[in-house]
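Please look at the sequence and the structure before reading the points below.

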Amino acid sequence: MAHQTTTNPIIFAHEGPLSGSSWTLTSETNIGRDVACDIQIPDRQVSRNHAIITFDGNGNVAIKDLNSKNGVFVNGERICDSAELKDGDTIKIALVQELIFVSSDATIPLDINIKPQEEPSLRLFIDQNARRVWMGEEELLPPLSVQQYNLLTLLYNSENKVVSRELIISEVWGDDAAIGVTEQALDALVRRLRGRLEKKDPTHSYITTVRGVGFIFQNSVY
């Protein structure tokens, strides 16, 4: 599969009926209850045509409320008309669906648009009984450290969903040790794991940071 050298912004569904889904933004992305919307939210509190996100191709992204009844909220504040979006902003549609905006700094290929209902092939496979990691037809050697393996397994089992920093620390280090784990320690572990994966497969970024929230693992080839 060919990869683009630049990437469009991404919208992740964090909490709500669409949790786990994501969309690559084009020039206009419609949000609403109507089946014709690019991001359809099946809830009566959402207007048929609730909001629109525009992207000008130069990194400028904005969201506009289309006179919805129950509003659009950016970082907890209801917008009057429209608002610019910055990396890591949270959007709530009628307080029903939380979305997270990730800027074009995200290293996700343009030709990947995650839809969990599809059945893609996988780039990476973990034999969790044998605790072995395969990338394509080759095993990842030398083996990952215990913490790297535990982190990868947690993300792998939650593919396409944002995994919070708090959950990662609890699961990887254990509840007793988690109290003393710093944000810097977690970031260092993620960097080491990213480095191992990208050294083996430099064509794909497996782990994307969702600023202020956690990390998302993308493994699929569509």
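This is a predicted model: local features need pLDDT of at least 70, side-chain atom pairs count only at pLDDT 80 or more; totals for chains, interfaces and linings use all residues.

Residues are numbered from 1 along each chain as its sequence is written, and side-chain values use heavy atoms, with hydrogens and water left out.

**The whole chain**

- The protein chain has four helices and 19 strands; helices (H or I, at least four residues) and strands (E, at least two) are DSSP runs, numbered from the N terminus.
- Of the 222 residues in the protein chain, 47% are buried (buried means under 20% relative accessible area, exposed over 50%, and partly exposed in between, with a 1.4 Å probe and protein chains only).
- The protein chain exposes about 11,500 Å², of which carbon and sulfur atoms supply 46%; accessible areas come from the Shrake-Rupley method with a 1.4 Å probe, and for residues only the protein chains shown count as cover.
- Among contacts (heavy atoms within 4.5 Å) between residues at least 6 apart in sequence, 50% join residues at least 24 apart.

- Three strands form an open antiparallel sheet in the order 13-14-15; two strands pair if DSSP finds at least two bridges between them.
- Strand 13 (124-127) and strand 15 (138-139) stand at the edges with a single partner strand each, so one side of each has no neighbour in the sheet.
- Strand 13 pairs with strand 14 (residues 132-135) in the antiparallel sense over four bridges. Phe125 stands opposite Trp134, and Asp127 has Arg132 as its bridge partner.
- Strand 13 and strand 14 form a hairpin with four residues between them, and Arg131 in the turn has a positive phi of about 55 degrees.
- Strand 14 and strand 15 are paired in the antiparallel sense over two bridges, with Trp134 opposite Glu139.
- The hairpin of strand 14 and strand 15 has two residues between the strands, and Gly136 in its turn has a positive phi of about 65 degrees.
- In a regular strand the side chains alternate between the two faces of the sheet.

**The helices**

- Helix 1 (residues 146-156) lies across strand 13 and strand 14, at about 115 degrees to strand 13. Axes are lines fitted to C-alpha atoms, for helices over the stretch in contact, and angles run from 0 to 180 degrees between N-to-C directions.
- Helix 2 (residues 165-173) packs with helix 4 (residues 183-200) at an angle of about 80 degrees, and their axes are 11 Å apart. That makes helix 2 roughly perpendicular to helix 4 (65 to 115 degrees; under 35 counts as roughly parallel, over 145 as roughly antiparallel and the rest as oblique).
- The contact is made by Arg165, Ile168, Ile169, Val172 and Trp173 of helix 2 and by Glu183, Ala185, Leu186, Asp187 and Leu189 of helix 4.

**Two single residues**

- Gln148 is found in helix 1 and, at 9% relative accessibility, counts as buried. Not counting residues up to four places away in sequence, Gln148 touches Leu189, Arg192, Leu193 and Arg196.
- Gly212 is in the loop between strand 17 (207-210) and strand 18 (214-217) and is exposed, with a relative accessible area of 78%.
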